[in-house]
Amino acid sequence: MQVMCFHLMPYAALDLTKVADDECLWVTYPNSNYDPKEGSKLYKRYLDELEYGAQCGFHAIGVNEHHQTAFGLMPTPGVLAGALTQRNLGNAKLGVIGRSLPLLENPLAVAEEYAVIDNLTEGKLIAGFVRGIGAEYHTSGVNPAESLDRFHEAHDLILQSWTEEGPSQFHGKYYSHRYVNVWPRPYQKPHPDIWIPSQGSTETIMWAAHPSRKYTYYQTLALAKVIDKYLGMYKSVAKEYGYEASPNQLGWSVPVYVSDTNENAINEARPHIEAFINKFLKMPVERLLPAGYTSIASLKGLINARKATTLGGYQTIETLMKNQMFICGSPDQVTKFFKKRSKELGIGHLSATMHFGTLPHELTMRSIELFGKQVLPHIV
Amino acid sequence: MSEGLEEFREKLCGCEISIKRKGKGKKVLFLHGGRGAPVWLPFMEELSNKFELYVPEHPGYGQSDTPEWLDKMEDLGYFYLELIEHFKMQDIHLVGSSIGGWIAAEMCIRNTNKIKSLVLAAPAGLSLQRQYGLDPFISTDDEFTRNAFYDQKLAEGMINQEVDEAAMDLILKNKTTGARLTWKPRIYSPQMEKWLFRIRIPTLIISGSHDNICPLEQSKLFNKKIEGSQLAIIENCGHLPHVEKKDEYCDLITNFIME
């Protein structure tokens with residue numbers, strides 16, 4: 001199994017005592033609450049943490065994209081990935097998981113950005129493509145009802161730009177380019193590895209598992225039974241397509257915290273993971289899943305799946321651990337858990353979110369080190 | 001069910017829609033707002049006592065199909081012009097509520113040969129909405145309902161109504177189509193305003209004095225852009241005058257059409 005050290009880069013300097021219970025940190029939370037002096041320190045700190053992940057033996061480090069939120073300060077993840085290319089990453093891959101394609105008016109911008117990173121890293125980029133969660137459709141103004149079609153079209157355009165000799169042409173419903181001729185070309189041939197992170201969607205799984213793609217499907221934060229459901233769905237969809245899904249096609253993303261003992265781990269992580277779930281991640285359904293974002297049937301399914309996470313009541317660390325939405329403990333405990341669970345799920349990729357909510361730098365660094373040195377060698 | 005009320009399905013432009021019809025006299029085509037027209041409401045009953053009232057459910061709404069071709073509000077404008085041809089209707093009196101008003105305006109800037117008069121009630125579709133109106137896509141259902149009424153007792157009554165799963169499915173369907181048609185630009189057409197001068201048939205614009213969804217300012221702009229149109233403001237009324245001030249609303253429409 002390949003393990004990624006993943007970061008969300010939240011605005012951890014936020015004074016959470018000032019955030020009301022019904023307040024949402026997405027879309028409309030005033031940016032007057034952002035202090036650039038704190039923010040600039042956080043960026044440097046977070047880049048240090050990811051670099052340390054690479055040095056502690058993680059196979060990859062990863063960033064992603066969110067907009068207009070204290071949840072994550074990476075509206076342009078390519079910039080941060082670019083900064084990371086100038087750090088000491090050894091052989092670790094660099095994942096941008098991923099860019100929200102439907103939000104773009106010109107998807108070739110991502111084809112170019114990814115190609116630059118792939119060149120800078122001499123072929124270590126993992127190229128993530130996502131639909132973007134509902135909130136991004138409020139912040140970008142893009143119509144969620146067009147999201148799935150735009151995603152497919154933007155993907156086709158990017159792939160064409162990477163794999164066909166330019167200049168070529170592309171004419172779709174949403175994107176029309178008389179000249180497709182991207183400079184630079186990606187370093188990897190035929191193109192960088194493609195990952196498709198998703199909160200769970202039948203449409204996305206059918207598409208990602210298609211024999212012409214066989215992309216790595218990444219299930220993001222969800223209840224254990226939801227993880228089972230969607231990874232299981234990928235495998236059975238692959239079977240219907242006439243092949244067996246390889247572990248390389250299946251991934252799972254989950255926040256992780258490791259300390260010297262189980263008890264210390266829980267005590268140290270408690271306020272930070274509870275802030276992550278109950279404050280940073282919380283959002284009403286109109287923001288998470290706006291009308292038009294999925295089919296009505298999928299929408300109802302997702303709302304039910306999300307009730308226990310971001311739409312429900314207060315979540316304690318105990319509940320989160322019970323539901324396997326947070327993996328926390330001593331190196332031994334965490335090793336045992338991942339050995340068993342990764343086998344059950346048949347996954348070849350794990351993305352461990354090593355920072356969450358307000359977790360301080362020292363605890364983050366120690367957890368990265370303990371995981372990298374005492375867990376990782378036993379679970380690969 | 002109201003006596004004499006017919007409900008039938010009709011297929012045109014590759015799309016089967018559901019239509020309610022009742023009454024005799026001048027033909028009135030009512031175009032519903034964003035929440036659809038799932039049931040026969042008291043104001044419909046009242047109008048059908050005086051007119052032959054047609055209440056279709058738009059493509060993408062309620063019991064009607066959602067056709068592949070449905071992208072923009074102007075598609076619905078063309079569709080209803082086609083519906084008038086399809087039924088070989090003449091001398092139609094068009095009444096549009098909220099986004100139904102927007103559809104009616106899209107029709108009338110294109111062709112009013114078969115349309116005798118136009119009523120726009122709390123119409124959507126101009127950019128003033130963006131500045132002053134509530135964002136229905138980010139607000140909760142309850143917030144929307146509270147903003148739709150002046151009389152908050154009516155709003156609370158609506159909020160406390162039980163909604164079964166079938167009704168919830170229809171609400172989701174209507175919202176999904178609403179997003180498809182009006183998410184971007186946010187509930188307006190950048191093109192329509194400049195062509196409103198082409199509407200040269202008698203036009204009445206009705207607005208609640210306290211409409212937080214399609215604000216009065218927007219109705220005033222319709223009034224300004226459609227030469228010779230009248231503006232009637234219903235006092236102490238929100239976005240749904242046909243519900244909140246049914247009698248006044250029906251009287252305004254009846255008197256206007258009878259003129």
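This is a predicted model: local features need pLDDT of at least 70, side-chain atom pairs count only at pLDDT 80 or more; totals for chains, interfaces and linings use all residues.
Modeller: Two residues are in contact, or touch, if their C-beta atoms, placed from the backbone, lie within 7 Å. Residues are numbered from 1 along each chain as its sequence is written, and chains are lettered from A and ligands numbered from 1 in the order in which they are written.

Biologist: OK. What does A:Ile61 touch?
Modeller: Leaving out residues up to four places away in sequence, A:Ile61 touches A:Met4, A:Cys5, A:Leu50, A:Gly53, A:Ala54, A:Leu84, A:Leu89, A:Ala92, A:Leu94 and A:Gly95.

Biologist: Which residues touch the most other members of the largest nonpolar core?
Modeller: A:Ile61 and A:Ala352 do, in a core of 113 residues. A nonpolar core is a set of buried Ala, Val, Leu, Ile, Met, Phe, Trp, Tyr and Cys residues joined through C-beta atoms within 7 Å. Buried means that 20 or more other C-beta atoms lie within 10 Å of the residue's own; 12 or fewer is exposed, and in between is partly exposed, with C-beta atoms placed from the backbone.

Biologist: Which helix gives the largest share of this core?
Modeller: Helix α8 of chain A, residues 262-280, with seven residues. Helices (H or I, at least four residues) and strands (E, at least two) are DSSP runs, numbered from the N terminus. Another core, of 61 residues, lies apart from this one and includes B:Phe51, B:Ile103, B:Leu120 and B:Leu240.

Biologist: How many helices and strands does chain A have?
Modeller: Chain A has 13 helices and 11 strands. Its radius of gyration is 20 Å, close to the 21 Å from the globule rule for 380 residues, so chain A is as compact as a globular protein of that length. That radius is taken over C-alpha atoms, and the rule is 2.2 Å times the number of residues to the power 0.38. Of the 380 residues in chain A, 51% are buried.

Biologist: And chain B, how many helices and strands?
Modeller: There are 10 helices and eight strands in chain B. The radius of gyration of chain B is 17 Å, close to the 18 Å that the rule gives for 259 residues, so chain B is as compact as a globular protein of that length. Buried residues are 46% of the 259 in chain B.

Biologist: Which residues of α8 in chain B are buried?
Modeller: In that helix, residues 216-225, B:Gln218, B:Ser219 and B:Phe222 are buried. Seen down the axis, the buried residues of α8(B) fall within an arc of 100 degrees, so they line one face of the helix. The arc is that of the directions from the helix axis to the C-beta atoms.

Biologist: Last one, B:Leu70: where is it?
Modeller: B:Leu70 is in the loop between β4 (52-56) and α2 (73-86) of chain B. B:Leu70 counts as buried because it has 20 C-beta neighbours inside 10 Å. Leaving out residues up to four places away in sequence, B:Leu70 touches B:Pro59, B:Gly60, B:Asp75 and B:Arg180. B:Pro59 is 11 residues from B:Leu70 in sequence and 7.7 Å from it in space, C-alpha to C-alpha.
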